[in-house]
Amino acid sequence: MTDPLDASQPGPHREPLDVATLQRRLADFAAARNWQPYHTPKNLATALSVEASELVEIFQWLTPEESARVMADPDTAHRVTDEVADVLAYLLQLCEVLGVDPLAALEAKIDRNERRFPI
């Protein structure tokens, strides 16, 4: 069985990767399973936190040098990639539910940080 969110796997849903396309695929995936009632901002934020914690867990006891080489081990690299995908999926779903444009939000935050922390 293939993971519908794994862009490395071939599939009939290959569209150009952009935020709107990914959000639509995530919404369609949830709708097909009648998960929308559970996709409240609270639940999505909680799930995002859990998935981020699972990503942190991979690095928890590694030295800085070991963490820099984490992608060299195929099994660990796969785990990292999966957790990154989970974090991004929940973040995109949360943005969709709240009406936040994640790219615009990031751009605005970078702009504020550039003013806040000048060179």
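The expected span of a helix is 1.5 Å times one less than its number of residues. In this predicted model, helix α1, which covers residues 19-32, has 14 residues and reaches 20 Å from its first C-alpha to its last, close to the 20 Å expected at 1.5 Å a residue.

The N-terminal end of α1 is capped by Asp-18, whose side-chain oxygen lies 3.1 Å from the backbone nitrogen of Ala-20. Along α1, the residues Thr-21, Gln-23, Arg-25, Leu-26 and Ala-30 are buried, and what covers these buried residues includes α4 and α5. Just after α1, Asn-34 takes a positive phi of about 55 degrees.

One of the residues of helix α4 is Gln-93, which counts as buried because its relative accessibility is 12%, and buried means under 20%. Leaving aside residues up to four places away in sequence, Gln-93 touches Leu-26, His-39 and Leu-44; among these, Leu-26 is itself a buried residue of α1.

Between α4 (74-98) and α5 (102-116) there is a loop, and Val-100 is found in it. With a relative accessible area of 36%, Val-100 is partly exposed, and together with Val-97 and Leu-98 it makes a nonpolar surface patch of about 230 Å².

At the start of α5, a side-chain oxygen of Asp-101 reaches to within 3.0 Å of the backbone nitrogen of Leu-103. Helix α5 itself has 15 residues and reaches 21 Å from its first C-alpha to its last, which is close to the 21 Å expected at 1.5 Å a residue.

Terms used. Residues are numbered from 1 along each chain as its sequence is written. This is a predicted model: local features need pLDDT of at least 70, side-chain atom pairs count only at pLDDT 80 or more; totals for chains, interfaces and linings use all residues. Side-chain values use heavy atoms; hydrogens and water are left out. Patches are made of residues with over 30% relative accessible area and no salt bridge: like charges are joined within 9 Å, nonpolar side chains (Val, Leu, Ile, Met, Phe, Trp, Tyr) within 5 Å. Accessible areas come from the Shrake-Rupley method with a 1.4 Å probe; for residues, only the protein chains shown count as cover. A salt bridge is a side-chain nitrogen of Lys or Arg within 4 Å of a carboxyl oxygen of Asp or Glu. Helices (H or I, at least four residues) and strands (E, at least two) are DSSP runs, numbered from the N terminus. Buried means under 20% relative accessible area, exposed over 50%, partly exposed in between (1.4 Å probe, protein chains only). Contact means heavy atoms within 4.5 Å. A polar contact is a pair of N or O atoms within 3.5 Å; within protein, one must be able to donate a hydrogen and the other to accept it, and residues adjacent in sequence count only if both atoms are side-chain atoms.
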